[in-house]
Amino acid sequence: MRVPLRWLKDYVDIELEPEQLADALTMSGTKVEGIDRVGSGLRRVTAGRAVSVTPHPKSDRLRIVILDIGPRQAPRRVVTAAGNVAEGCIVPVVLAGGSLVDGEVIGEVEFEGVRSEGMLLSAKELGVSEDNSGILLLPDSVKPGDDIVASLGLRDDVLELEITPNRPDCLCMVGVARELAAITRKELRMPARGCPESLQPARDLTKIVIEAPDLCFRYGARVIRHVRPGQSPIWMQARLSAAGIRPISAVVDVTNYVMLELNQPLHAFDYSRVAQHTIVVRRAQAGERLVTLDGSERELNTDMLLIGDAEKALAVAGVMGGLASEITENTDTVLLESACFAQQSVWRTSRTLRLRTEASSRFEKGLDPASVPPALDRAASLLSRMGAGEACSGIVDVYPSPEAPAVIETTDRWIERRLGAGLGADEIADCLTRLGFRVDTQGTPDGSAKIAVTVPSFRGDVREPIDLVEEVARIWGYNEVPATIPQGTDSGGYSDEYAFCEQVRQALAGAGGSEALTFPFMSETDFDMLGFAPDDPKREAIRVANPLVEEQSLMRTTMYPAMLAALKTNVNRRRRGVFLYEIGRTYAPTGAITAGIEPARGETPAVERPVLAGVMCGAGEGGTWYAPERQYDFYDAKGAIEGLCACLHIDGVTFSRAECPPFHPGRAAAIVWDGVRLGTVGQVHPLVAGSYQVPEATMLFEVDMALLMEAAQSPREYAPLPKYPAVERDVAMVLERDVASADVERTIRTAGGALVESVRLFDVYEGPQVGEGRRSLAFSITYQAADRTLTDAEVNQVHDAVRAALAQKLGAVLR
Amino acid sequence: MRDRVEALVERALSAIDSAESAEALEEARVRILGRKGELTALLRQMKQVDPDDRPAFGAMVNAARDRVQQELERRGQAMEARERARKLESDTIDVTMPGRIRPTGDLHPLTQGIREVTQIFVQMGFTVVEGPEIETDFYNFEALNTPPFHPARDVQDTFYINDFVLLRTQTSPMQVRQMEGQDPPVRVVVPGKVYRRDPMDATHSPVFHQIEGLLVDKDVTFADLAGTLTQFARTFYGKDRKVRFRPHYFPFTEPSAEMDVSCALCGGQGCRVCKYEGWIEILGSGMVHPNVLRAVGYDPDELTGFAFGMGVERIVMLKYGFDDVRLLYENDLRFLEQF
C-alpha cells in the first residue's frame, strides 16, 4: 500500500525523518519496502495568471500567452498549443531550465519565430492525475508566483508498505497512523466527520432490506443531493494519485479518498436509477445477469451476493457496481453505500468472476462493521466542504446482529512465559493501550496479574491470548527479547534415507558425475517420445489440474525426460562430455487420487519413490596428452553403477540383457541384486535420441533408491586375510558372439569351485582372425586356498577342469 | 728419499685430480698403489735406506699412501656425485605438464546449501527428515490454521491435483505430520521441494527448495526461538554479522517473525544486494500457533514450540552472488562445476 506522508500527517504528528519512520514501522511489523519521492522531478514550477492570450502570427495551432508570475518577477511569454487557457486563468507553468514530474527538462524553445520562456502544464505533467487533455486550470485562490508544488502537495514522500493479510485495518491512512501513534507515543486524530445536513431525513428517501444477513452484516446509506459534476480539488487528486488511485470525478474521488482513509469501500448509486429507491441485499438468482461498470456482462450464481433494487440487480456486492446505476454528469442525487460483507463471500465471488477490485481485495480480508457509519459521515463532510453535494439528514443503517466487543483474559505470567521475558503487567498494559485495546488489570494473591483485554472492533485478527503476546512483543520490541538456547539433550542426525542419498551423491561425484536438479514434471507426449507401450504402467501419472504449461502437466513417473533435457542443454551449448546424475522422485497415484476422494488422515496421497538417474554422452575421457579421447559408451554407464555398488559394498549385482523403452534393444541391461531388479542401464533407442534431439550414443540409467538402500544394508563380515600365495592363470578362447561374458565367468567359477578367488576379463577381440559371428575372450583367473599353498599340480588340475568345462558347456575353442 | 716420496705424492694427486672417469681413476690407483705401482716400488727401496732412518721412511711412505688413498676416495665420491647429478639432470621432466586427473563431479549448489544449513541444526540436536511433496489440502493448509477462504491462501499460487490433493506450497505440512507421528519433544529439520504456481523468471521458479524447522517441548519460549536462530545465523553467516527479528505474519505461527542479517557486502550501509536496506531477509519463523498444536492433539497449555522456514535458492544465490534463479535449474555443467 502507498502512504503519502503529507496525508498521513493529517492524523498523527510525525517528527521522524522518513527513513527513521520507515524503520520504526518496519520493526513493529508494518514493513516499509521503499520510499517513493513523488514530484521530485518538478523544478522551477510556479503559478501564473494569463494576462493576455493572442494567436500566433504564423500558426493557427499555437497561441502566445503572457503570464504574470508574481511581484518582483518579469512577465513571461509562453507559447502553447492547448486551447483551454483564456485571459485571467491561473495556470501552472514550468520556467525554462525547470523540469516536469518525470524529470524532463524544459528549455527556452522557439516556435515559428516566437521564443517561449517556459511551458504551461497539464495535470499529468504535474503528477496530479493522468489527465493530459489540456492545461490544468488552478483555482482563483492560487496567486501568481505561488509555490504550487508545496501548496498543492505535489511533492511528497510516499511509503510503500507491505500489509500482511491479518491486518486489513492497516490498509488505510488512519490504520497506519494508529500504528505510528502507538510506536511514537503520539495522539491519533480522527478525520472530521461533521457537516451541515438538509432537513429531509434520508430514511424518508430510501429503504434498505437485507435478505441475506449471513453474507451482509451491516448496510448503511446516505442520500446526497445536488451533486456537482466535474473534478475534485487538485489537492485531493494529487493525494489519490500519490496513493496510486486514478482521479475520476468529485463524487468517485471522495468515495476512494474515504476508502483509503478509513478502509471502508463506498459505492455511489444514481438515486434515480434505484427502483422504488429501495436497496435489497440478496443472493443472486441462478443465471441472473448484470453489466458491471467495466462494461462486461456477468452471469451470477446463487452463491453470490448482490445489491438490487425493487426490480433488478444493481451491483455485485463488494466487488463492482453495475453500469446502469452508475453516476453520470447528469446525476443529481446519489445514494452512497457503506456496507460490511462476509469476506468469504466476496473472496469467492471475486474469484468466480475473475474480477478483483480495490473494494473486493479489502472486503475479502474482513472489514470492521463499526466503520460503516463514520465512512458515510466523512464522505458527506468532504462533499459538503468541496461544495460538491448536500447531505440529507441521517444515515439509514441496517445492522441486524451487532457484535459485542471481544474480551480476552490472560495473566502477565502467561504472556511472560510465552515470550521468555519478564516485562511486567504495567508494560504489557501500556503496549496494548497504545494500540487501542482497553486493558483491565487485577492483582492476585500469588503476585501475578489477571489481565482482561477488550479488543477494538477493527482488530478482528486478535482472538486469543497468544495474539496479545505478539501485540505486546512487537510494541515492546522483538529485539528486546533475550536470546536463550532451549533445554534438551537429544543428539541430532540425518534420517537413514537422507544419509544414504548423501552417500550415493558422494560416490557418483567421485566417479565423475555432476549432480543435476530438474523439475519433477513431465508431459503426456514424453511417454510417446520414450516409446512406452500404450499399456505401460508408467503412463499412469498424476495430473496437475492447473499446470503452467503442458510440458509440466504430469508428475513424472520416470526421470528419463528430465535427464535427456539436461543433456540437450549441454549439447546445445557445445559441451564435449556430459555425465549428470540426480536423485529425484517419481510419483504414482494411490487409490485415493485415482478415485478422486480425500486421502485418509496420516496417509500420503501419492507414492513418491526416490530414484537415482543419470545420463552420459560425448567425450568420456582422454583427449589429453596421455590418453586419446574416448566417447562414453554402455560400459561407462554400467561401470558407474558397478563403481557405485562397490562403493556401497553391495556384492553380487548382476546385469542381464533387457529390452525395454527407452533403450536400444541390444544395449540395455537390467540391474539385478538378489533376484530384485534395482534398475536399468543402457544406450537410448535411436528413435528416442531423435525425438529428444540428443546424440545416439547417449547412455541413461535409473536405479530405485529404496531397493538400492536395502541391498546396501546387507551385513558386512570380516574375512581373514589370505595367508597363502595366489596363483594366476590365463585362459583365452574363441566363442560364438552371443555367448555372454557373464556366462563364461559363471562357468569358470562353477568348474573351478572354491579355489577360484577372482576372475577378470582382460581382453576382447572381434575380427577376421576369429571369424564372422565369433569373438575371442581372455580371462585371468586367480586361484587360492585358505589353508595351504597350492601346488602346480593342483592348479593345473583345476585349470584343466575349467578349460574342459568352457569347451564342453559353451563350445569354446581354447587357445 | 723424502723428496722422491713427496714428488710421488705430488704426481699421484695431480693424476687423481685430472682423472675424469672411474676408469681413469682406477688406472691412477693401480699405477700408484697397485702391486706394481710406484709407491710399492718405492717401498721396495727400503733396503737402501739407512736402518736408522727406516722407521721414519716407513712412516713417511705410509702417510703418503694414506694421503693418496684418501684423495682417491674423495675424488671417487665427487665423481659419483657428479655422475648421479648428470643422470638426474638427464631424467628431468616437464613438471608443468598437466597431471593425470581422475575427473570428479560436483554436488549441486542447492544440495550443498541444504547440507551446510542442516549440519548446523544437527549439531543443535535436530534430526533431518523428509516428507511428501504431493500433499493434502488438510496438511498443507487446514491443519496449519489456514482454513478455506483464508487470505493467506490464494488459489493462483497453488498447483492442485484435485479438490483434496495439491503440490505442497511449503515444507510446513511436515510440522503436522511429524507431530502426529511422534510424542514430544520434537526437534526436526525438513529440507525439500515446494511448488508455487509462478511462471519461471529471474526471481521466481515454480519449483524451489525450503528448509523447515520445528522444535516443540515444554516451556519453549520466543526467547528460545531468538537464541536458536541467532546461533544458526552466526554459525552460517559469520560471527560479525548482526541479526534482527521483525514482526511478520504466518497463519500457523503466533507471534511470527522474520529474521534479517546485516548485509555482508555493504556491512549494513545499504547497497544493491540488500536493496539499500542494510539488512537481508533470511527466514520466517514464529511460535507454533495453538490451533496447530490442537490440530495434532497436543495441549497448547502444556507444550509450546517454534518453527522456522527458509528458502534454499535465496541462501545459495546470496552466498555466491548471482541473481537469476534459472541458473540453478538449467543444469549447465559450466555452472554446476563452479561449486
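A: What follows goes through the salt bridges, within a chain and between chains, and then the interface. The model is a predicted one.

Over all chains, the structure holds 76 salt bridges. Side chains of opposite charge can pair when their charged atoms come close. One of the pairs is made by A:Arg37 and A:Asp157, whose side chains meet at 3.4 Å, N to O. This pair links distant parts of the chain: A:Arg37 belongs to strand β2 (residues 31–38) of chain A and A:Asp157 to strand β10 (residues 156–162) of chain A, 120 residues apart. A:Arg37 has a relative accessible area of 37%, so this residue counts as partly exposed.

A second pair within chain A is A:Glu736 with A:Arg774, where the closest N and O atoms are 2.8 Å apart. Here too distant parts of the chain are linked, since A:Glu736 is in strand β38 (residues 727–736) of chain A and A:Arg774 in strand β40 (residues 774–783) of chain A, 38 residues apart. A:Glu736 is partly exposed, at a relative accessible area of 40%. A:Arg774 is partly exposed as well, with 24% relative accessibility.

Salt bridges also join into a network in chain A: its members are A:Arg167, A:Asp169, A:Glu179, A:Arg459, A:Asp461, A:Glu471 and A:Arg474.

Some salt bridges run from one chain to the other. Across the interface of chain A and chain B, nine are found. In one, the side chains of A:Arg601 and B:Glu180 meet at 2.5 Å, N to O. Another is formed by A:Arg573 and B:Glu330, with 3.3 Å between the closest N and O atoms. A:Arg573 is located in the loop between α16 (560–572) and β31 (577–589) of chain A, while B:Glu330 is in helix α11 (residues 327–330) of chain B, so the pair joins two chains. A:Arg573 is partly exposed at 34% relative accessibility. B:Glu330, at 29% relative accessibility, is partly exposed too.

Now the interface as a whole. The size of an interface is often given as the accessible area lost when the parts come together. Between chain A and chain B the buried area is about 8400 Å², and carbon and sulfur atoms give 56% of it. The contact involves 100 residues from chain A and 106 residues from chain B. Polar contacts across this interface number 46 residue pairs, with both residues at pLDDT 80 or more. On the side of chain A that touches chain B, the largest share comes from β31(A), with eight residues. The residues of that side are 42 nonpolar, 30 polar and 28 charged.

The two chains also pair through strands. Strand β27 (residues 493–494) of chain A and strand β1 (residues 127–128) of chain B run in the parallel sense, paired over two bridges. In this pairing, A:Tyr494 stands opposite B:Val128 in β1(B).

Last, a charged residue in a loop of chain A. A:Glu288 is placed in the loop between β15 (278–283) and β16 (289–291) of chain A. Its relative accessible area is 12%, so A:Glu288 counts as buried. Apart from neighbours within four places in sequence, A:Glu288 is in contact with A:Arg282, A:Arg298, A:Glu299, A:Leu300, A:Leu306 and A:Ala313.

Technical notes. Residues numbered from 1 in each chain as written. Chains lettered and ligands numbered in written order. Predicted model: local features only at pLDDT ≥ 70, side-chain atom pairs only at ≥ 80, totals over all residues. Heavy atoms only, no water. Salt bridge = Lys/Arg side-chain N within 4 Å of Asp/Glu carboxyl O. Helix = DSSP H or I, 4+ residues; strand = E, 2+ residues; numbered from the N terminus. Buried < 20%, exposed > 50% of the residue type's maximum accessible area, 1.4 Å probe, protein only. Contact = heavy atoms within 4.5 Å. Buried area = accessible area lost by both parts, 1.4 Å probe. Polar contact = N/O pair within 3.5 Å; in protein donor to acceptor, adjacent residues only side chain to side chain. Nonpolar A, V, L, I, M, F, W, Y, C, P; charged D, E, K, R; others polar. Pairing = 2+ DSSP bridges.
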